[in-house]
Amino acid sequence: MFAARKSVKAIQNGNLDYFNIIFIGSLLVPISELVYAIASFFFNKEALIAAFDDDAFYYFEVAQNIARGFGSTFDGINLTNGYHPLWMFFLIPIYNFFSDKYLALIIVRLVALLFWFLSVFILYKISKLLENKIVIIPSLIILSVFENLVLKGMETTILLPLILLLIYQTLKYEIFCHSFLKINSSWKLFHISLILLLIFFSRLDSIFIFFSYVSCFFIVHFENLNKSRKILSSIIKLALPLVTSALIYIFINQHFFDTFTPISGQAKSLGEKPFYNLGFVIQYFQGVGIKKVVFVLIALFITFIARKRLGKVIGQDKFKDLSCLCLIFIASLALQLSYYYLLSTYAVWHWYRYLMIPIQIIASIFISYYVISFGRVQRKLLSYVLCFLCLTYVVRYSFYGNIQQFMTISPNTGHMTSSVSMSDWINKNLPDNTVLAMGDRAGSLGYQLNEGKSLIQLEGLVNSKDYLDHLQSGTGNQFIQSQNVEYIVVSRAEESLQNLKNPNNYDVVYEPVTNFVPVPRISICLSRESVVHQIKHKSSVSNIDYDVYRVYRYDPEIDNNCQLSSRINQVSDPMYKFKSKA
């Protein structure tokens with residue numbers, strides 16, 4: 001309270017104390033999130049489940065199974081490597097010490113909040129390096145806007161602070177200054193290479209950051225031809241730890257999972273390539289928001305036009321490092337979008353957009369420096385505006401937003417909350433050792449099932465290489481029959497299931513359904529009379545009244561007859577009309 005009163009007084013006097021602003025901004029977010037999680041644990045289990053992304057529960061369930069000694073598996077049957085390894089490394093000890101799966105979620109939330117604090121602390125350290133506290137405050141606002149990347153349980157929980165750490169260490173060591181090669185830089189290069197290594201294992205498509213960083217280092221220092229041997233030595237020092245570790249990771253994957261790369265990425269790339277997945281690129285920028293994209297473009301334009309002025313205000317060395325970092329992240333984004341455009345069929349989810357955070361942070365630093373470069377009045381005005389925006393956003397979206405969300409979440413308000421009711425019904429009414437199968441949205445349900453019940457993931461994201469081979473060859477139905485699947489679970493718009501010539505008697509389940517382009521898929525024919533339980537819940541698509549969370553008793557004979565009649569294959573994929581907003 002003393003620090004908060006001191007901050008307010010400092011703002012009123014026009015004497016901006018950055019640390020106390022950070023204190024207020026950084027504490028309100030995690031405190032409100034922690035209170036939300038604890039209150040959900042005791043009073044609203046649906047709100048606790050809804051606090052995480054459904055895909056995060058793939059991590060949680062695999063980590064729980066590893067901690068129990070069942071191996072790297074989601075369903076307890078098939079081994080999988082469908083996850084990014086570093087975040088899993090942090091989760092396994094949590095589930096080793098906390099057997100209560102709902103209490104473990106609170107601990108995961110607490111760990112995420114610690115990473116949030118770490119991100120804020122690194123921003124504070126960056127402000128010390130820049131010797132200007134005002135220009136870093138927009139970064140805190142940007143961090144708050146993208147808080148879901150840290151708090152929703154995905155691998156970006158650890159990725160974001162590592163990216164900020166890369167920015168900090170680059171500025172501290174002045175990596176892209178010409179004087180860097182004149183000093184003994186081996187230890188500094190080791191620090192950077194270690195951070196790049198951790199970034200890679202936190203999310204594997206961040207390999208593009210590594211490529212862009214090393215390329216920029218080479219281009220910047222290439223003009224020092226008399227030091228060509230030292231440049232080559234420095235690049236080897238930067239690249240060797242990651243390359244060596246990546247080869248070890250590939251070997252482990254091949255040895256234990258019979259595949260070089262994670263299953264999840266392969267599941268998103270089934271089919272004949274290239275895909276030309278333009279929908280991914282469009283959806284990526286739609287999710288970011290046109291205003292944020294315009295802001296970045298304006299910031300880059302101003303930076304280019306006023307580069308001499310900014311160089312004097314920031315300092316030539318710091319300005320060069322920041323410019324190189326900005327180009328590195330933009331190049332990484334271009335490579336990432338190109339990869340998914342050509343080699344992936346899936347839609348975009350918010351954790352794919354992590355590269356927009358460092359780009360916006362650096363852009364906001366340039367804009368802030370540009371404003372305050374015109375004089376003291378602009379500097380003071382900027383400080384008032386930024387402090388107001390920072391405190392307003394945190395109060396509005398942390399406290400009020402969490403209270404509003406907690407009060408409005410109830411059973412069947414969405415597929416996440418409905419998974420609580422559905423898992424309760426399955427646990428009470430289906431015997432142990434029951435084998436179920438589900439595609440999209442299987443994470444939260446599989447996590448909540450009692451030990452002994454298995455939920456096979458039909459998209460292949462956390463399934464085995466064997467299943468992907470069956471999916472690719474069109475024999476996915478044979479695979480689920482070999483697994484003795486007894487029930488099929490779906491959660492989607494009811495209209496999307498009614499696609500046979502006799503819709504009154506049969507439903508068809510297509511998996512996967514999140515693709516933008518045609519791909520190999522499994523199509524399962526089910527009798528409408530075989531529905532044993534159903535829940536209707538609010539749909540995530542604006543033009544659909546409700547979705548159904550439905551459990552079918554699986555009959556292989558009915559399914560096989562449908563496959564032989566080829567009626568399913570003659571029907572175009574219905575799910576293109578019913579895609580959820582990412």
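G76 lies in the loop that links helix α4 to helix α5 (85-97), in a model that is predicted. With a relative accessible area of 49%, G76 counts as partly exposed. Although G76 and I456 are 380 residues apart along the chain, their C-alpha atoms are separated by 8.6 Å.

Helix α4 covers residues 56-68, and F57 is one of its members. F57 is buried, its relative accessibility being 0%. When residues up to four places away in sequence are not counted, F57 touches I49, F52, F74, L105, M416, G443, S444 and Y447. L105, which is among these partners of F57, has contacts of its own with L48, I49, F52, F57, F60, Y95 and Y447, leaving aside its neighbours within four places in sequence.

In soluble globular proteins, nonpolar side chains tend to be buried together. The largest nonpolar core of this protein has 167 residues, and the members that touch the most other members are F60, L105, F329 and I488. Helix α6 (residues 101-130) supplies the largest share of this core, namely 16 residues.

Strands of a sheet pair through backbone hydrogen bonds, either parallel or antiparallel. In this protein, five strands form an open sheet with mixed pairing, and their order is β2-β1-β3-β7-β6. Which strands stand at the edges? They are β2 (454-457) and β6 (531-538), and because each has a single partner strand, one side of each is left without a neighbour in the sheet. From one strand to the next, the twist averages 20°. Within the sheet, strand β1 (residues 435-438) runs parallel to strand β3 (residues 487-493), and three bridges join them. A437 stands opposite I488 of β3, and I488 is also one of the residues that touch the most other members of the largest nonpolar core.

**Strands β4 and β5**

Strand β4 (residues 506-511) pairs with strand β5 (residues 522-527) in the antiparallel sense, over six bridges. In this pair, V508 stands opposite C525 of β5. Strand β4 is mostly covered, as five of its six residues are buried.

K318 is found in helix α17 (residues 316-343), whereas S269 has its place in the loop between α13 (263-267) and α14 (278-288). Are K318 and S269 buried or exposed? K318 is buried because its relative accessible area of 16% falls under the limit of 20%, and S269, at 10%, is buried by that rule too. Not counting residues up to four places away in sequence, K318 touches L129, L130, L171 and E174. With neighbours within four places in sequence left aside, S269 is in contact with F275, Y339, L343 and S344.

The table gathers the accessibility values of several residues discussed above.

| Residue | Relative accessible area | Class |
|---|---|---|
| F57 | 0% | buried |
| S269 | 10% | buried |
| K318 | 16% | buried |
| G76 | 49% | partly exposed |

**The protein as a whole**

The protein has 24 helices and seven strands. Of its 582 residues, 58% count as buried. Among the contacts in the protein with a separation of 6 or more, 75% are accounted for by residues 24 or more positions apart. The protein exposes about 24,800 Å², and carbon and sulfur atoms supply 62% of this area.

Technical notes
Residues are numbered from 1 along each chain as its sequence is written. This is a predicted model: local features need pLDDT of at least 70, side-chain atom pairs count only at pLDDT 80 or more; totals for chains, interfaces and linings use all residues. Side-chain values use heavy atoms; hydrogens and water are left out. Two strands pair if DSSP finds at least two bridges between them. Helices (H or I, at least four residues) and strands (E, at least two) are DSSP runs, numbered from the N terminus. Axes are lines fitted to C-alpha atoms, for helices over the stretch in contact, and angles run from 0 to 180 degrees between N-to-C directions. A nonpolar core is a set of buried Ala, Val, Leu, Ile, Met, Phe, Trp, Tyr and Cys residues joined through side-chain atoms within 4.5 Å. Buried means under 20% relative accessible area, exposed over 50%, partly exposed in between (1.4 Å probe, protein chains only). Contact means heavy atoms within 4.5 Å. Accessible areas come from the Shrake-Rupley method with a 1.4 Å probe; for residues, only the protein chains shown count as cover.
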